[in-house]
Amino acid sequence: MPILETRTQAWPDEAACQQSAALLAARPALRRAFVELHGTLGAGKTTFARHLLQALGVTGRIKSPTYAVMEAYPLEGFTAWHFDFYRFNDPQEFEDAGFRDVFASQGLKLAEWPEKAEGLLPEPDLRMELVPLDGDERRVTFTACTPLGQELLP
């Protein structure tokens, strides 16, 4: 995967996570991007995804797609898809569920645990690595893998 540019942020608390999500949501390029969210269990991937989806205008409950693998959110002018491949075991699932078609379509794709679907996913525009530190503090590395990803860097 090519790396065009990398930036790192320190999030001292969840409010910083929410602010970063809101800033990313304000970038028009996000509406057609594929963003990978990497990190250990409890790193804050789902929390960030929820804040991002809320900042984009999703109202109501935002469920973790851990069991369903994918949740779709129709928004004004585009659809946001939130994937969680944590329980993903069989590459045939990817084909059977029509995920290849979803990734080929327009809209935002957020993927937690993308390494579980390695070789099946397209190249991400932006890769985020969330690393838990003390308490609620996180170190977040944003890696742009495409020119679109560079537009999304904080």
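The legends below describe close-up views of a predicted model.

View 1. Beyond its neighbours within four places in sequence, Thr143 contacts Ile3, Glu5, Thr6, Asp125, Leu126, Arg127 and Leu153.

**View 2. The salt bridge between Glu5 and Arg7.** The model contains three salt bridges, and one of them joins Glu5 to Arg7. The closest N and O atoms of this pair are 2.8 Å apart. Glu5 is partly exposed, at 28% relative accessible area. Arg7 is also partly exposed, at 33%.

**View 3. The salt bridge between Arg127 and Glu36.** The side chains of these two residues meet with an N to O distance of 3.9 Å. Arg127 belongs to strand S6 (residues 126-132) and Glu36 to strand S2 (residues 34-38), so the pair ties together parts that are 91 residues apart in sequence. Arg127 is partly exposed, with a relative accessible area of 25%, whereas Glu36 is buried, at 7%.

**View 4. The network of Glu36, Arg127 and Glu129.** Arg127 also forms a salt bridge with Glu129, and the closest N and O atoms lie 3.9 Å apart. Glu129 is partly exposed, with a relative accessible area of 26%. Through shared partners, the salt bridges join Glu36, Arg127 and Glu129 into one network.

Definitions and conventions:
Residues are numbered from 1 along each chain as its sequence is written. This is a predicted model: local features need pLDDT of at least 70, side-chain atom pairs count only at pLDDT 80 or more; totals for chains, interfaces and linings use all residues. Side-chain values use heavy atoms; hydrogens and water are left out. Contact means heavy atoms within 4.5 Å. A salt bridge is a side-chain nitrogen of Lys or Arg within 4 Å of a carboxyl oxygen of Asp or Glu. Buried means under 20% relative accessible area, exposed over 50%, partly exposed in between (1.4 Å probe, protein chains only). Helices (H or I, at least four residues) and strands (E, at least two) are DSSP runs, numbered from the N terminus.
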